[in-house]
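Here are my notes on how the two chains meet, for someone opening this one for the first time. Have a look at the structure, then read on.

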2 protein chains.
Amino acid sequence: MGGDNAPEAVLDGLEKVAERHPKARILLVGDEVRLGALLSRRPGAARICSLRHAPDAVPGDMKPTAALRMRQSSMRIAIDAVAAGEAAGVVSAGNTGALMALGKIVVKTLPEIDRPALAAIGPSARGDVVLLDLGANVTCDPRNLVEFAVMGDAFARVVLGLPEPSIGLLNVGSEELKGDDRVRQAAEMLRDSVLAANFHGFVEGHDITAGTVDVVVTDGFTGNIALKTGEGAFKLMGGLLKQVFTSSLLAKLGYLLAKPALERLRDFMDPRRYNGAVLIGLNGVVVKSHGGTDGVGFAHAVDVAMDMVKHRFNQRIREKLATLPPKGQALEASAGEAGPAISGADLG
Amino acid sequence: MGGDNAPEAVLDGLEKVAERHPKARILLVGDEVRLGALLSRRPGAARICSLRHAPDAVPGDMKPTAALRMRQSSMRIAIDAVAAGEAAGVVSAGNTGALMALGKIVVKTLPEIDRPALAAIGPSARGDVVLLDLGANVTCDPRNLVEFAVMGDAFARVVLGLPEPSIGLLNVGSEELKGDDRVRQAAEMLRDSVLAANFHGFVEGHDITAGTVDVVVTDGFTGNIALKTGEGAFKLMGGLLKQVFTSSLLAKLGYLLAKPALERLRDFMDPRRYNGAVLIGLNGVVVKSHGGTDGVGFAHAVDVAMDMVKHRFNQRIREKLATLPPKGQALEASAGEAGPAISGADLG
C-alpha cells in the first residue's frame, strides 16, 4: 500500500513478475477490497498472488517509532510473515524509515553483524556498481565498514552475478594515508580479511561512475549523499539535454535523427533498472522499491529480492562474516576518531 | 610551475588576465629561464607580470610535510609574498595538499576561525552553487560547519554577486530530526546566528544540482566525495552522449543539426568555468586551479582571486565571524557524536 502510485504500480509490477517468474508465490498484503478489484483485472498477478488483508497502511511521512506501534499495517503484516518464515522476503515501495525500523526489530539483524546496511545498484562506464551504505547508519565504525564490504561482495555475486567482485572503500583520495582514522582502520582490517584478494583499496567519488570497482563501501551519511548527488547530476544533465533538443527547429530535427541512439541511452540510465535498495544483514530479505516508481520499476525490485533468495544471499554473508575477528576486538580499535588537521584531500 | 600543463597553461591564462584586468599586477614565481622565454612570446602577460626566480618546484605527488620543508619552491616563494603582504593572494595549479598546508602554516588562519575550508562553485538548474568544505577538513564539529556557512555566504556574495545567498546544510534528509548530532547541532547554531534569515535548513545530495540553495555546507569528507561523485556522473553522461552521437550515420547527422545547442550545453558545463577552488579562512587569498586545466581555466581561477581581493572577502567574513558565540562554547556542545541506530534516511 506504500509509495506514490500504490497500489496500482505494485499490481502492475506483479503482473510482470508473473510473466518472468511463473512459479513465484506472492503474499500480497493490504486493503483486500482495493487489492481484490485490481487483481481481478490482472490475471497473471491473480494467479501468483494470495491476498492477506491489512486494515491500516503506514503513511509516507510517519516517523519510524510511530510505524513500529502500528500492528495492523500492511508493512507490518508483510514483515511479520518474513519473521515467521512464511515468506522469504518482503518488497515495499512505502516509508523507508519505517521499513528499516520494522526490518531491524521484527525480522532482526543477523547475529554475526552489528548493523544492517542499505545497498543499491547504479550505472557506471564499466557495468553496474553496488553502493552501500545508503543511509541505514549515519555513523559507522571501521568494523561496520568491513561488514558492509562483506555484504556488498555477496550482493554483487548474487544480484550482478560477478564471480570475483572488486571492492573499494570510498575516501577523499586513493593513497593509503588519506582520510580519517575510521577509513584507514577499515582498510587495514580489509587487507587482513578473507576479502583481501578482491580489496582494491581506497576509491574516490568519481570512481563510482567510472566503474573502478564493482562494490563501493562507505558510511550511510556519505553514501546517501553520494547516491543523491549522482542522481541529481544525471537529472541536471537530462534536463539540460531536453532544453537543447527543444531549443530550435534544427535541434528538434537533430533529436529525431539521433532518437534511436538517444533512447538506448535513456534506457541505460533508466532509474527503474536500478530500482530496489536492499536492507542487508537481516534474517530475511527486505527490499525497498522507490516510492515514485511504476510497474516496471517495482518488478525490478521483486527481481532483486528473488535473486537474493534463490542464490542464498544470507547464507553466503554468514559464511564470510564468520571468518572476521570477533566484534568487540575491532570496535575497540576505532576509539580515536579525530583526523589530522591537514588532510591533503586531492582535488587534481 | 605546478599542474599538468605548467607553466604554459599558466602563461596562457595570464595573457587572458592581461586583457580582462589591464591594471592587474602579477608576481610570477618560478624558473626564470623558462618563464622568461614564455613571457617573451606573450606581450600582454609580460606587461602585467614581474618575474621572481624560484629554483625548486613542488612535485605533484609530494607529501604536504615534505613540501613544507622546501623553502625555495615556487609555491613557497609565492605564498611567502602573500604572508609578507607583498601580494594580496596566490593562485596555483600545483599540489593541493601542499598548497593547503603552506597556506595554513605560512599565510595563517584568521584568528576568528578554527579551520580554513576549501570552497568551489558548480553548476545547478538554477544558477551557480557554492559547495564547501571540499576536503580541507575530513572531520568537523558543529562549530566548524557554522564557520563554513559564514565563509560560504561571503564567497557567494563576493564571487557570485548574490545579495542574499540562501544556505543549506547537507544531510541525509531534509527533516529536522535527520542525520547525526553534528549536523543537527550545527543547524541549531545557524538558526540562532546572524545567518538565520538566509538559512534554509537541511538539504540533500540532489539539492546541490537542483539549486535549492546558493551555498551548500558540509564536512570535508562528504563534500569531497559529493563534488567528485557529481563530476563523475557528468563525465559518464558526457561519455555516453559521445557514444550516442557516433553510433550511426543518422545520429552523426543529428549531432550536426543540434550542434549549436549542444555546444551551448558544453559551454555551460565546461569545468573551466568553475575552475578555482578557494582555501578560505586565511589571512590572504589562496586559490587552487585544477591541475589539468588550460589557459581559459587558469584565467578563471585568477578571476576568482581578483573578485575576493577587490570585494574585501576577508573583511566580510571577519565581521560576521565576530558575531558568533566564542569558539569554546560551541565546541563543548559537540561532545556527543554517536547518531541514533535508526536514522531513517529517506530514499524516496
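1. Start with one pair: B:Lys228 makes a salt bridge with A:Glu204, their closest N and O atoms lying 2.4 Å apart. (A salt bridge here is a side-chain nitrogen of Lys or Arg within 4 Å of a carboxyl oxygen of Asp or Glu.) Chain A and chain B have two salt bridges between them.

2. A word on the basis: this is a predicted model, where local features need pLDDT of at least 70 and side-chain atom pairs pLDDT 80 or more, while totals for chains, interfaces and linings use all residues. Residues are numbered from 1 along each chain as its sequence is written, chains are lettered from A in the order in which they are written, and side-chain values use heavy atoms, without hydrogens and water.

3. Now the whole interface. Chain A puts 81 residues into the contact and chain B 81 residues, contact meaning heavy atoms within 4.5 Å. About 6,100 Å² is buried between chain A and chain B, with 75% of that from carbon and sulfur atoms. (Buried area is the accessible area, 1.4 Å probe, that two parts lose on being put together, summed over both.)

4. Then look at H11(A) and helix H11 (residues 249-269) of chain B, which pack at about 145° with their axes 7 Å apart. (Axes are lines fitted to C-alpha atoms over the stretch in contact, and angles run from 0 to 180 degrees between N-to-C directions; helices are DSSP runs, H or I, of at least four residues, numbered from the N terminus.) Among the residues meeting there are A:Leu250 and A:Gly254 from H11(A), and B:Leu257 and B:Ala261 from H11(B).

Methods
Helix = DSSP H or I, 4+ residues; strand = E, 2+ residues; numbered from the N terminus.
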